[in-house]
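Hi there,

Here is the structure I promised to pass on to you. Have a look at it first, and then read on for what turned up in it.

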Amino acid sequence: MTAQQRISRRISSIAESATLKVDAKAKALRAQGRPVISYAAGEPDFVTPSNIVEAALEAVQDPRNYRYTPAAGLPELREAIAVKTLRDSGLQVSPSQVVVTNGGKQAVYQAFATLLDPGDEVLVPTPYWTTYPEAIALAGGRQVDVFAGADQDYLVTVDQLEAARTERTKVLLFVSPSNPTGSVYPAAQVEEIGHWADEHGLWVIADEIYQNLTYDGVRAVSIVDAVPSLADRTILVNGVAKTYAMTGWRVGWMTGPADAIAAAANLQSHLSSNVSNISQRAALEALTGPQEAEEQMRLAFDRRRRTIVAELNAIDGVRTPTPLGAFYVYPDVSGLLGRTWGGVTPRTSLELADLILEQAEVATVPGEAFGPSGYLRLSYALGDDELLEGVRRLQRLFA
Ligand SMILES: Cc1ncc(COP(=O)(O)O)c(C=O)c1O
């Protein structure tokens, strides 16, 4: 008998989540009584709006919700998602073209699993959210990074994409607003990229989970809205987690052409079946109920965004483009590397993040979690006072 691995190669090659690692370290320091301020979390600090919580309370009392429901989601919710998709992404879909998933994360996994055969290449604008590489690798795909730095607001161009395209390229991943950078593609650039993808017969997986969190009057234009002919080869990923402060409820979805969505629904029927009916009913209220609380959260994020960008840019060696969406800033900190701070000389952003945590008691996520070294991700989804205190600590450390 040949030697067998105790844990399969496929699963043991999955990288540990760097964001969770930072979070765990920050929590451990806090447990020791150290006053750590954390910019590491990827979730709103607000509670879920009360109308949504009430809808869930009602759902708990209703026996209709106690049994299995269709794996692809409750018909009412799929209908509401179709309405939202037309409103915000300009794409007409029927409810049968929607699969409700256990968070946007499951939609990301299922989208790659549905489209990729071994060796198929995916163009991944870099920096990227940490889950994409693992989802692509698990599906047997090959990730091809296309890097855009702070000098281009972390937005890739058609020329860069074209330089990375090969005969094996099957999918373009498109994320706007982006995690980790908060960048939003201007309408003209979305259109240009969409036309290019269409011309080359590529599929697009567009992660629109931060679609409703944009600032300065900017709208995140969906790639299928900009180039409607892409609709037959585009899967949209979305969810309620970020807009409605519902990360723990685990409701996301994917929409797209009928064949791809039917295949993904089939996969999900064996993997996890329906998302909790209680959470689905809460999500239905989120999408169809009053939207005032969401607007208040967005305004708070906007205020914090302006504070953190201004304060970070007051540090010599830090360059922070002003993000137009999501709730992250992504400063280029290469100007701080190779210099000595408190007796330590960080050479990478990983070392810098460690130094900041140790000496300023501030948690940030190093660029290595999202692509190349030289950057930090700070989430500004935390209270205004804490937010300001944290950047003041950085200003003192790097004075
Ligand atoms: C870009 C992006 N897509 C998808 C998700 C998935 O969110 P959830 O699974 O909580 O709905 C996240 C969460 O951090 C994200 O940042």
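In strand S3, Glu121, Leu123 and Pro125 point one way, while Val122, Val124 and Thr126 point the other way, and all of them are buried. S3 covers residues 121-126, and with six of its six residues buried, the strand is mostly covered. Before going further, please keep in mind that this is a predicted model.

Which strand does S3 pair with, and in which sense, parallel or antiparallel? The partner is strand S4 (residues 142-147), and the two pair in the parallel sense over six bridges. If you want a place to look on screen, find Val122, whose bridge partner in S4 is Gln143.

S2 pairs with strand S8 (residues 252-255) over four bridges, here in the antiparallel sense. In that pairing, Val98 stands opposite Thr255 of S8. As background, strands of a sheet pair through backbone hydrogen bonds, either parallel or antiparallel.

There is also an open sheet of three strands, in the order S9-S12-S11, with antiparallel pairing. Its edge strands are S9 (328-329) and S11 (365-366), each of which pairs on one side only. Two bridges join S9 to strand S12 (residues 376-379), and these two run antiparallel. Within S12, Leu378 is the residue that stands opposite Val329.

Now for the helices. Helix H5 (residues 103-115) packs against helix H10 (residues 258-271) at an angle of about 120°, and their axes are 10 Å apart. The crossing of H5 and H10 is right-handed. On the H5 side, the contact is made by Gln106, Gln110, Ala113 and Thr114; on the H10 side, by Ala260, Ala263, Ala264, Leu267, Gln268 and Leu271. What kinds of residues are these, nonpolar, polar or charged? The contact of H5 with H10 has six nonpolar residues, four polar ones and no charged ones.

Next, the aromatic rings. How many aromatic pairs does the structure hold? There are 13. One of them joins Phe46 and Phe301, which sit edge-to-face, 5.5 Å centre to centre and with 65° between the planes. Phe46 is in the loop between strand S1 (37-38) and helix H3 (50-61), and Phe301 is in helix H12 (residues 292-313), so this pair ties together parts that are 255 residues apart in sequence. Are these two residues buried or exposed? Phe46 is partly exposed, with a relative accessible area of 26%, whereas Phe301 is buried, at 1%.

Another pair to look up is Trp129 with Tyr132. Their ring centres are 5.3 Å apart and their planes stand at 85°, so this pair is edge-to-face. Trp129 has a relative accessibility of 19%, and because the cut-off for buried is under 20%, Trp129 counts as buried. Tyr132 is buried too, with a relative accessible area of 2%. Ring pairs also link Phe46, Tyr210, Phe301, Phe327 and Tyr328 into a cluster.

Ala59 lies in helix H3 and, at 3% relative accessibility, counts as buried. Where does the chain come back to Ala59? Asn277 is 218 residues away from Ala59 in sequence, yet their C-alpha atoms are 7.8 Å apart in space. Leaving aside neighbours within four places in sequence, Ala59 is in contact with Asn65, Tyr66, Ile278 and Arg281.

The other alanine is Ala360, which has its place in helix H13 (residues 349-360). Ala360 is buried, with a relative accessible area of 8%. Ala360 and Val391 are 31 residues apart in sequence and 9.6 Å apart in space, C-alpha to C-alpha. With neighbours within four places left aside, the contacts of Ala360 are Leu355, Arg393 and Leu397.

Enjoy exploring, and write back with any questions!

Best wishes

How values were computed: Residues are numbered from 1 along each chain as its sequence is written. This is a predicted model: local features need pLDDT of at least 70, side-chain atom pairs count only at pLDDT 80 or more; totals for chains, interfaces and linings use all residues. Side-chain values use heavy atoms; hydrogens and water are left out. Axes are lines fitted to C-alpha atoms, for helices over the stretch in contact, and angles run from 0 to 180 degrees between N-to-C directions. A crossing is left-handed if the near helix is turned anticlockwise from the far one by less than a right angle, and right-handed if clockwise. Contact means heavy atoms within 4.5 Å. Ala, Val, Leu, Ile, Met, Phe, Trp, Tyr, Cys and Pro count as nonpolar, Asp, Glu, Lys and Arg as charged, and the others, Gly among them, as polar. Rings of Phe, Tyr and Trp (its six-membered ring) pair if their centres lie within 6.5 Å; planes under 30 degrees apart count as stacked, over 60 as edge-to-face and the rest as tilted. Buried means under 20% relative accessible area, exposed over 50%, partly exposed in between (1.4 Å probe, protein chains only). Two strands pair if DSSP finds at least two bridges between them.
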